[in-house]
Amino acid sequence: MLNQGLPHLQKIGAMSSLKKLSLRNCGLNDSEFLNQGVCKLKQLQELDISYNDISGGLPSCLANMTSFQSLDLSSNNFVGNISLYPFKRLTNLEYLDFSYNLFQIPISLDPFFNHSKLKHFKSRDNNEIYGEKTEQNLTPMFQLETLSIDGYACNETFPKFLYYQHNLRVASLQSLKLRGRFPYWLLENNTKLEKLYLKNNSLSGPLQLPLHSHLNLSFLDISDNLFHGIIPLDIGTHLSRLELVDLSKNDFNGSIPSSFRNMSLLQILDLSNNDISGSLPSDFSCSNMIGVYLSRNQLQGSLEDAFFDCLQLVVLDLSHNNMTGSIPSWFERFYQLGYMILGHNNIEGEIPIQLCNLTQLSLIDLSHNNLSGHIPPCLRSTSNFASLSLSSGEEIEFTTKRNIYSYQTSMLDYFSGIDLSCNKLIGQIPIQIGYLNEIHVLNLSHNNLNGKIPASFSNLSQIESLDLSHNNLQGNIHSQLTELDFLEVFNVSCNDLSGKTPEKVKQFATFDESSYRDNPLLCGWPLQKDCATMESSPSISRNSNDTEESNCFIDMEGFYVSFGVAYVMVLLTIAGVLFINPYWRQVWFYFVEVSIDKCYYFLIDNLGCLSKFKLF
């Protein structure tokens, strides 16, 4: 398309009155059509050539396109320093988008200071943002409404021109290594500001709020910085219109401010990866809340009274805290809950059967707790789930394929899993779990499960990681499991399985001995035990008593003899040392004398107290 269409594009220059031209996502890879076609359109006001594969520099003829009001060059491979291109003549520009190219762009935006009509400037990712050694102390003529500068940079302070901006609605300055304190002045100077993104910089100090309440700010993301101290107690009063609050990956401490209850529009709250302590607030105004991310803090207390009214909740991530108590049965109220991440806490009790009513569950992580009882047979996990309507990159950690991965919620639309590992669950694995044919990860390891591996597991057609290790499972490994084409991790080690390992076919040809170790009656490749040899040896009974004896057998007679000999040897060694060495003999007698005195006075001091107790 691109090569065949190029001659036709060169004829565009004949359309002298053309004002708007969009060649978005047309597969173009040559900028020659700009020289021979587009640059002849002197009345052209809007040009969109985004999402192509055009490389090289911009043609100089663009300097003559003085009617340009909107120019979108995003998502190409353009190169060069913006300061060297003739943009200074294009003073009618209102919209500029350089995102996803290979430009060098000064963070001061000096080449555009005379563009009085400029309102929207975007440069996201890939471009190199650099700070000038001596930034000009000039006031720009423009008043931006949208400023988005993200990418590779090495800067230290906020660009000075921001102090003179008063019409900003969206300000995004991410991944620029900016230093200094939180720019509360940006909020004070821009009362219309709706979205502020300062993610992944080097900002530090406390979070300082503006003097007066800001009634328009709806998105605040200052994650992945060096902020510390407590979260301001009046944050919910000063910024009551927030819909998204992301303070994650900082060093905030203290408790969660109660003023969050004033944020009646709040939909996403991310305070993860901080040092926040205390209990969960019980008076959240969370009728609109869809995402709560509080993982990797020092939170404690029970879940019983928290988030009771959050009926729209989609994500609940409280992992890696010190939560106690049980999982409330009223969690069934979260009928839209898709991700329930409660792993690495001290939660106890049984898994409520009411969780089976949560038909939208996609990820369930209850690992590393003290849960007991049986696995509810109706527990489900589905990947038919829609992503959050609001997202600024919130992540969920989930263990799969023996590794912990961070998934953005927008990437989990087609991923599902259940992790109940490292608990105290008992009983047999419900056969119903084998019919979760959309599940990708199932981890039931490090529990006290018994019985057989359900034959229904052969229906887990999408499974990628299956870990049943460190349980008391018995019986054979079903040969039908070899039909699981996507299985990359399989672990049934440390059980009481018997019989022959699955054939060395498909995915099972990649599993080594670690997948099967410590199953005394299991034989076949890749184990060192030959099944023919085991069959010719005397049969071993596998009833409960014999199993206990085979696993825990001790030669008691030999134990008593060895213990007696060791005890006598220790006594003789001590006596020999005391006989030969007068110094240690003196220390020993002194120790005995002091011990006798202490026991004597202890009895004298406590006989009076003991005499007060009467025998009934």
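**Note on strands, loops and backbone angles**

1. Tyr 100 has a relative accessible area of 30%, so this residue counts as partly exposed, since that class lies between the buried limit of under 20% and the exposed limit of over 50%. The structure discussed here is a predicted model.

2. The backbone at Tyr 100 deserves a look as well. Its phi is near 55 degrees, which is a positive value in a residue other than glycine. Tyr 100 sits in the loop between β6 (95-97) and β7 (102-106).

3. His 470 is not a glycine, yet it has a positive phi of about 55 degrees. The loop between β36 (465-467) and β37 holds His 470. With a relative accessible area of 29%, His 470 is partly exposed.

4. Which residue of β37 is the bridge partner of Gly 451? It is Leu 473.

5. Both β35 and β37 belong to an open sheet of 7 strands, whose order is β27-β29-β33-β35-β37-β39-β40. The pairing in this sheet is parallel. The edges are formed by β27 (348-350) and β40 (521-523); each has a single partner strand, so one side of each is left without a neighbour in the sheet. On average, neighbouring strands of this sheet are turned by 25 degrees against each other, direction ignored.

6. As background, the strands of a sheet pair through backbone hydrogen bonds, and the pairing is either parallel or antiparallel.

7. The loop between β40 and α5 (531-536) contains Pro 526. The peptide bond from Trp 525 to Pro 526 is cis, with omega near 5 degrees.

8. Parallel pairing also links β21, β23 and β25. Strand β21 (residues 277-279) pairs with strand β23 (residues 298-302) in the parallel sense, over 3 bridges. Within this pair, Ser 279 stands opposite Gln 300 of β23.

9. Strand β23 also runs parallel to strand β25 (residues 322-324), and 3 bridges join them.

How values were computed. Residues are numbered from 1 along each chain as its sequence is written. This is a predicted model: local features need pLDDT of at least 70, side-chain atom pairs count only at pLDDT 80 or more; totals for chains, interfaces and linings use all residues. Side-chain values use heavy atoms; hydrogens and water are left out. Two strands pair if DSSP finds at least two bridges between them. Helices (H or I, at least four residues) and strands (E, at least two) are DSSP runs, numbered from the N terminus. Axes are lines fitted to C-alpha atoms, for helices over the stretch in contact, and angles run from 0 to 180 degrees between N-to-C directions. Buried means under 20% relative accessible area, exposed over 50%, partly exposed in between (1.4 Å probe, protein chains only).
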